[in-house]
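Trainee: I would like to learn how to read a model of this kind. Please take the features one at a time, general idea before case.

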Amino acid sequence: MSATNSRRKRKGSAASATTTPAPSGASVPMSEVLAALSHALDLTEGQPLGHSVRSCMIGMRLGEMAGLGAELMADLYYASLLKDAGCSSNAARTAALFGADDQRVKPRLRIVDWDDRRRLAWETWNAVAPRQPLWSRMRHFLGIAQHPGVTRELIAARCERGADIARRLGFPEGTSLAIRSLDEHWNGKGHPQGLAGEAIPPLSRIMNLAQTVELFLARGDRLAAAEALRARRGRWFDPLLADLALELLGDDAWCTGIRSPEAADQVMQLEPAARVRVVDDHALDQIAEAFADIIDAKSPFTYRHSTMVAAYAQATARQLGFSEDGVRQMYRAGLLHDIGKLGISNRILDKPGPLNTLERAEMKQHPHYTWEILRRVRAFEDFALLAALHHEKLDGSGYPWGRTAEDLDMPARVLVVADIYEAVTESRAYRTGLSNPEAMEILRAQATIRLDSDAIEALAAAVAAGEGSLEAPAAL
Ligand SMILES: [Fe+2]
Ligand SMILES: [Fe+2]
């Protein structure tokens, strides 16, 4: 295959969205947006795609069997889809503590029975600093062993952040509390508060059980799921709920259905009719802003990158006279352009030095992940490709598709300039941020060849006009 054909083929695969476009100007069900975006949370947690959706389906069935009322079922539904919304906030610490890829450590420790101290120690030893010298592995292992509060701290960061995000999205307190107590155990040995028995919110008890059962069911191991339920009944899990789940595991058709490719569509049918939330443009902005925070929380060195790229992209688009719809797309694309970074290890994102060849190759996958995540969200598909093009350059030297000038429209050219400007002006792990004149010099040195001159000068004008206000995106 020629290089041109090869490029054309790659380009085609990224340009042919398979979803049905959301009707122009119409509102979209919240369930659809959250179910699709929950794949980004699965990626961060190192879980197979669909983990959150399947956990929601298991939880809703258990809630129904337990006789929950309509209000509680609605709280349970949204809490289940957002249960891992805080997952990025402990990723950097997890990677640093274990000296390993956070999304490989997390699923290992999710499935192990913490009450079995020897097993936990063994799993921890297997997870620390893989392929590193023995002394390095010992250093990480002892670092964790000598810090007994570390599990509680990691879980507290995740659960409290997740609860805050649910609150910001306007969900009732019941939804937030369910997320906050997600990892509490019936015997009081869970986290973050060590609540026991009936003191644990009922929805959290259901969600904790549902997410654990899902981990086994995703591997197609129904027997292991039942074994874990029996072994942890009365320790991790509410005994009554564990009995209901065991009954559920006896339902062959249901167990097969939960793993079907249609699960994502089925979960939308479960949204409680009395509380169906439909999102308009304002709510979609709020969701994009919440996910920008999730993305930026992944690394301490990019804590406001997405919100600032959105601010620069929006301001530059206005300078260039984009329509209001165009400006709004630039804003959302800026907020979500790096959502694919949720799938990249913090061992790479936070590395205090240049990346090696393998690490660079993995890093270059993130725009591709952005495309894969956003193209599945009907409400965001108009700018999914734009967001994924943020590392492409006019001369074809960018990634992941190596597009050239003829395939990069003005919105894509603006987004790449906004991304570079923000990246070089912010301090990172291995350097301090540049001043505005230094950053503009870097951009102008690449004008015409790699970057669009009009986009650069529009950004310069936007920054000059917004001197100070561009420091605070909310002021734009
Ligand atoms: Fe990026
Ligand atoms: Fe970026």
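Trainee: How many residues of domain 1 are in contact with domain 2?

Mentor: Two residues are in contact if their C-beta atoms, placed from the backbone, lie within 7 Å. By that rule, 24 residues of domain 1 are in contact with 26 residues of domain 2. This is a predicted model, in which local features need pLDDT of at least 70 and side-chain atom pairs count only at pLDDT 80 or more, while totals for chains, interfaces and linings use all residues. Residues are numbered from 1 along each chain as its sequence is written, and chains are lettered from A and ligands numbered from 1 in the order in which they are written.

Trainee: Where are the bounds of the domains?

Mentor: Domain bounds come from an automatic or database domain assignment. Here the chain is divided into domain 1 (28–279) and domain 2 (280–475), and their C-alpha centres lie 31 Å apart.

Trainee: Which helix gives the most to the side of domain 1 that touches domain 2?

Mentor: Helices (H or I, at least four residues) and strands (E, at least two) are DSSP runs, numbered from the N terminus. Helix 2 gives the most to that side, with eight residues. By class, the side of domain 1 that touches domain 2 has 14 nonpolar, five polar and five charged residues. In this scheme Ala, Val, Leu, Ile, Met, Phe, Trp, Tyr, Cys and Pro count as nonpolar, Asp, Glu, Lys and Arg as charged, and the others, Gly among them, as polar.

Trainee: How is a pair of packed helices read?

Mentor: Two packed helices are described by the angle between their axes and the distance between the axes. Axes are lines fitted to C-alpha atoms, for helices over the stretch in contact, and angles run from 0 to 180 degrees between N-to-C directions. The axes of helix 17 (residues 305–319) and helix 25 (residues 453–465) come within 8 Å and cross at roughly 105 degrees. Helix 17 and helix 25 are therefore roughly perpendicular; angles under 35 degrees count as roughly parallel, over 145 as roughly antiparallel, 65 to 115 as roughly perpendicular and the rest as oblique. Helix 17 makes the contact with Tyr312, Ala315, Thr316 and Gln319, and helix 25 with Ala455, Ala458, Leu459, Ala461 and Ala462. These residues divide into seven nonpolar, two polar and no charged.

Trainee: Which residues have the most contacts inside the largest nonpolar core?

Mentor: A nonpolar core is a set of buried Ala, Val, Leu, Ile, Met, Phe, Trp, Tyr and Cys residues joined through C-beta atoms within 7 Å. A residue is buried if 20 or more other C-beta atoms lie within 10 Å of its own, exposed if 12 or fewer, and partly exposed in between. The largest core has 114 residues, and those with the most contacts inside it are Phe291, Tyr312, Ala313, Leu336, Val417 and Leu459. Helix 2 (residues 30–45) supplies the largest share of this core, nine residues.

Trainee: Is Thr448 buried or exposed?

Mentor: Thr448 is exposed, with 12 other C-beta atoms within 10 Å.
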